Amino acid sequence: MHTQRVRAGQQYYSVDGAAHVWQVQEVFGEPGGLRHVRLFNVEAPRDVRTLTCAVLGDSRRFRLLSEDPDHGAARSRSRGQLRGHLQGPSAHGGRG
């Protein structure tokens, strides 16, 4: 598990199950307690989830795509392109 600082606006790709891009809407929690994030599905913004930061930081479940959605290309990529991007050149015939 990779620990990283989670901030509003970051985008993550879910790698376990259905391929979705999630954007962090809010980070909250009590000082010294568990931190939580509220995420929304970029393709279906009404689909909102609340997770602990630890779950979001688990690379078996999520991968960070973009620190800042205004400068990242995650919104403009299809799910298939995202899978290829995350799996590397071998996922799409060796082309970069």
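The sheet here is an open one of 5 strands, in the order β4-β3-β2-β1-β5, and the pairing is antiparallel. Strands are DSSP runs of E of at least two residues, numbered from the N terminus, and two of them pair if DSSP finds at least two bridges between them. At the edges sit β4 (48–52) and β5 (62–66), each pairing on one side only. Neighbouring strands are turned by 40° against each other on average, direction ignored; the axes behind that angle are lines fitted to C-alpha atoms, with angles running from 0 to 180 degrees between N-to-C directions.

A word on the ground rules: this is a predicted model, where local features need pLDDT of at least 70 and side-chain atom pairs count only at pLDDT 80 or more, while totals for chains, interfaces and linings use all residues. Residues are numbered from 1 along each chain as its sequence is written, and side-chain values use heavy atoms, with hydrogens and water left out.

| Strand pair | Bridges | Residues standing opposite |
|---|---|---|
| β2 and β3, antiparallel | 6 bridges | Gln23 and Phe40 |
| β3 and β4, antiparallel | 5 bridges | Val37 and Leu51 |

β2 covers residues 21–28 and β3 covers residues 36–41. β3 and β4 also form a hairpin, with 6 residues between them.

Now for the second largest pocket, with a volume of about 160 Å³. A pocket is an open set of points on a 1 Å grid over the protein atoms alone, where a 1.4 Å probe fits and protein lies on both sides within 12 Å along at least five of seven lines; lining residues have an atom within 4 Å of a point. Its lining includes Trp22, Leu39, Asn41, Arg49 and Leu51, and β3 and β4 are the elements that give two or more residues to it. By class, the lining has 5 nonpolar, 3 polar and 4 charged residues.

How far does the confidence go? pLDDT, the predictor's confidence in each residue from 0 to 100, has a mean of 76 over the protein chain, and 66% of the residues reach 70 or more. Over residues 71–96 pLDDT stays under 50. Where pLDDT is low, the predicted coordinates should not be read in detail.

Methods
Helix = DSSP H or I, 4+ residues; strand = E, 2+ residues; numbered from the N terminus. Contact = heavy atoms within 4.5 Å. Points joined across faces, edges and corners; volume = space filled by probe spheres on them. Nonpolar A, V, L, I, M, F, W, Y, C, P; charged D, E, K, R; others polar.
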